[in-house]
Amino acid sequence: MGATTTSGGTSYDRVPYESLPFAQTHPDRLAALAHLFGLQAPAPERARVLELGCAGGGNLIPMAVALPQAQFVGIDLSPVQVAEGQALIRALGLRNITLHARSILDVDTRLGTFDYVLAHGVYSWVPDAVQDKILALCASQLSADGVAYVSYNTLPGWRMRGMVRDLMRYHAMQFDDPARRVGQARAILDFLAGAVPTQGSAYGLLLQTELENLRGAPDYYILHEHLEDINEPLYFHEFVDRARRHGLQYLAEADFSSMLDSNLPADVAGTLRQISGDIVRQEQFMDFLRNRTFRQTLLVHGSRTVQRQIRPEQVAGLWISGQLQAASLAPDLQGDGEESFHAPTGGLLKSRQRVTKAAAVVLARAWPVALPFEQLLQEALAMAGQAPVAPPPAAAGLPTPRDILASDILQCQMAGLLSVHGGPSPFVHPAGERPLASPLARWQAAQGKRYLSTLRHESLPFDPALGRLLQLLDGTRDRAALARDATAHVPGASVGPLVDLIGRAALLQA
Ligand SMILES: C[S@@+](CC[C@H](N)C(=O)[O-])C[C@H]1O[C@@H](n2cnc3c(N)ncnc32)[C@H](O)[C@@H]1O
């Protein structure tokens, strides 16, 4: 993804990157993870956020829409992409975000300090001096309790993938036109994957796997991920050493569930822990075990005290969201029978604990809105028929419902069944009297973009019927006016369920 500059501008000027929201970079997630490790990360709602290599602002602009009291600054080398982002910022009338067409190398302390510094999809694809400057800025521009996010390609996974990159580049780089390059890169991989037998050949299997991975990938991705001049993967421990040299320390992975060895067989996990010693070695061994190709690493100042043993009480200061569906039509919430709850990701929660079972139902009803832990606890206790306000003190040694819920939420979060958040949801469900949709999503719908950015900081594939209704949700129409104005596009009776769907997709502002 290196941005080669030529007289024709950078490669990103010629073929811009489709810039999208990445939930894993959102301060809401970074603050929650820092909190779990005993740190007091700044509140996302009023944070200052810097993104290095922000492309057209597809990640930063939705954050600025969702968090109007926070401040955002984006830096990118490609004037074309930045100009595109600036035009969108003007169209939306946003005053809390600026994008600068500038090299990371030219960023200095005049920009001030930031609570969150983000660099997604940049580090591995830029020259050494820029890599070093990214980490230098993560240290020098980060506030005392701030969190930096840097993603990068890792070894050993990229060792094998790099071979495929070499083969595609060897053939494709003889062509000048970017579209031709991508077409030829696909063609040579296709040819070789067909020519090398997979039976008994690790190489043949590798080519087949890479071909499958790239089949659905858009051209701009292949061009910038595989055909750029620079793509320098490194080992996790090397990255952490570099960060240490800048006074930073490893906090966690933004994809928290990837850190856990709980999904490894017990004997493998046990041996790993024995040979690891510390968190960095443990993570590095897991990369060897999983042949990892990519990391999204969070860093904090070396002076902070990171509590590696996460205590369930840490959940108490957070907001929780989840979409767990009870397997039974009438789950037993007031008794001790085991109930199962399915997550959309395919995971399964099984529990006999009344407070946990009830909390799963409370969260599913509130979805996508996150609830503060205390509210969730009180509502779950009430639903479970336990004393809502002051549960009886624990009998000697027995955990209270509060302890049980905190511990189960932590386990579910680690397993990717629930999410924890560092602040309240910037969206509502159900819709109010006059529903108001995110101005960004309305703009994207009007432009017929491929994806809508939700206020949960995710991408939703564009649907024309939903898109037309979305544009009417500008806060001026009540249900009757909506039904009337939408008739040209959708039958009046469908408006209610569609608005509900839009709310469930986290597209409605408070
Ligand atoms: C692969 S794109 C990633 C964009 C975005 N962060 C994302 O993940 O969608 C890499 C971006 O880094 C920018 N970039 C490369 N070198 C840069 C530099 N020296 N200074 C600022 N931006 C740079 C490119 O212009 C490009 O927009």
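## Domains

Domain bounds here come from an automatic or database domain assignment. With that in hand, let's look at this predicted model. The assignment gives domain 1 (5–155 + 233–301), domain 2 (157–226), domain 3 (319–392 + 399–408) and domain 4 (439–504).

Domain 1 and domain 2 have C-alpha centres that lie 27 Å apart. Where they meet, 12 residues of domain 1 are in contact with 10 residues of domain 2.

Next, a pair of strands. β12 spans residues 339–342 and β13 spans residues 348–351, and the two pair in the antiparallel sense over four bridges.

## Packing of α17 and α19

Two packed helices are described by the angle between their axes and the distance between the axes. For helix α17 (residues 464–472) and helix α19 (residues 495–504), the angle is about 90° and the axes are 11 Å apart. Angles of 65 to 115 degrees count as roughly perpendicular, so α17 and α19 are roughly perpendicular to each other.

On the α17 side, the contact is made by L466, L469 and L470, while α19 brings L498, L501 and I502. By class, the residues of this contact are six nonpolar, with no polar and no charged.

Conventions
Residues are numbered from 1 along each chain as its sequence is written. This is a predicted model: local features need pLDDT of at least 70, side-chain atom pairs count only at pLDDT 80 or more; totals for chains, interfaces and linings use all residues. Axes are lines fitted to C-alpha atoms, for helices over the stretch in contact, and angles run from 0 to 180 degrees between N-to-C directions. Angles under 35 degrees count as roughly parallel, over 145 as roughly antiparallel, 65 to 115 as roughly perpendicular and the rest as oblique. Two residues are in contact if their C-beta atoms, placed from the backbone, lie within 7 Å. Ala, Val, Leu, Ile, Met, Phe, Trp, Tyr, Cys and Pro count as nonpolar, Asp, Glu, Lys and Arg as charged, and the others, Gly among them, as polar. Two strands pair if DSSP finds at least two bridges between them.
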